[in-house]
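Hello,

Here is the structure for your set, with the sequence alongside. My notes on strand pairing and salt bridges follow below.

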Amino acid sequence: MSLLWVTDIWGQHSTLTASLERLNDVAGDCQLLDPYAGQPFAFADEQQAHDYFLCRCSKPGYVDKLEAWLEDHSEPVTLLGFSAGANAIAQLLQRRTFPQVQRVLLIYGRELPQQPLPVTSHLLLCQNDLGDKDTALAWPASVHISTAGHGFMNPRSPNYDSQAAEAGWRWIQETITA
């Protein structure tokens, strides 16, 4: 089984290298899908990254990129999505099922649907991302809540928290290997 990491609005960057190696050690074949077709950017701040994401890719465009990737890959896959990537995974799987998707790990998605996904789901959410806690926690999923802020695992995010990030990566690794 392979793993597809669907990145956040920051896309690919050198800060992902160590995490990608870590995931390859745990999951074997790990690939990246980002909003910018692999082109790395060094955004000045989160607002610039968000504006560029909306202009260059868009939320529906990211869902379309994921759908195209899944249509081209029929082997079993686990989807790991962070923020915009988690939202894209959830939106796509609400509208269409893919038999090759074995499970999903959604990390601090802010736009999760009210209905659970048709696949085994694992959620790592931030308290400030929950909104209606009853909706988010009603899913038949393993749910882990972090007190860290949105984006806490991304060294480029203003909410980066190294200790919480390390705990988050341990949770991801344990969940993948479970």
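Strand S4 (residues 101–107) and S5 run parallel and are joined by five bridges. One of the pairings sets Leu105 against His122 in S5. S5 also runs parallel to strand S6 (residues 142–146), again through five bridges; here Leu125 has Ile145 in S6 as its bridge partner. This is a predicted model. Of the seven residues of S5 (residues 120–126), six are buried, so the strand is largely enclosed by the rest of the structure.

Salt bridges come to seven in total. Among them is the one between the side chains of Lys59 and Glu111, at 2.7 Å from N to O. Lys59 belongs to helix H3 (residues 59–72) and Glu111 to the loop between S4 and S5, so this contact ties together parts 52 residues apart in sequence. Lys59 is partly exposed, at 36% relative accessibility, and Glu111 is partly exposed at 33%.

Arg95 pairs with Glu67, with 2.8 Å between the closest N and O atoms. Because Arg95 sits in helix H4 (residues 84–95) and Glu67 in helix H3, the pair ties together parts that are 28 residues apart in sequence. Glu67 has 16% relative accessibility; buried means under 20%, so Glu67 counts as buried. A network of salt bridges links Asp64, Glu67, Glu71, Arg95 and Arg96.

Glu166 and Arg170 form a salt bridge at 3.8 Å, N to O. Both are in helix H6 (residues 162–177), four residues apart, about one turn of the helix. Glu166 is partly exposed at 33% relative accessibility, as is Arg170 at 41%.

Regards

Definitions and conventions: Residues are numbered from 1 along each chain as its sequence is written. This is a predicted model: local features need pLDDT of at least 70, side-chain atom pairs count only at pLDDT 80 or more; totals for chains, interfaces and linings use all residues. Side-chain values use heavy atoms; hydrogens and water are left out. Buried means under 20% relative accessible area, exposed over 50%, partly exposed in between (1.4 Å probe, protein chains only). Helices (H or I, at least four residues) and strands (E, at least two) are DSSP runs, numbered from the N terminus. Two strands pair if DSSP finds at least two bridges between them. A salt bridge is a side-chain nitrogen of Lys or Arg within 4 Å of a carboxyl oxygen of Asp or Glu.
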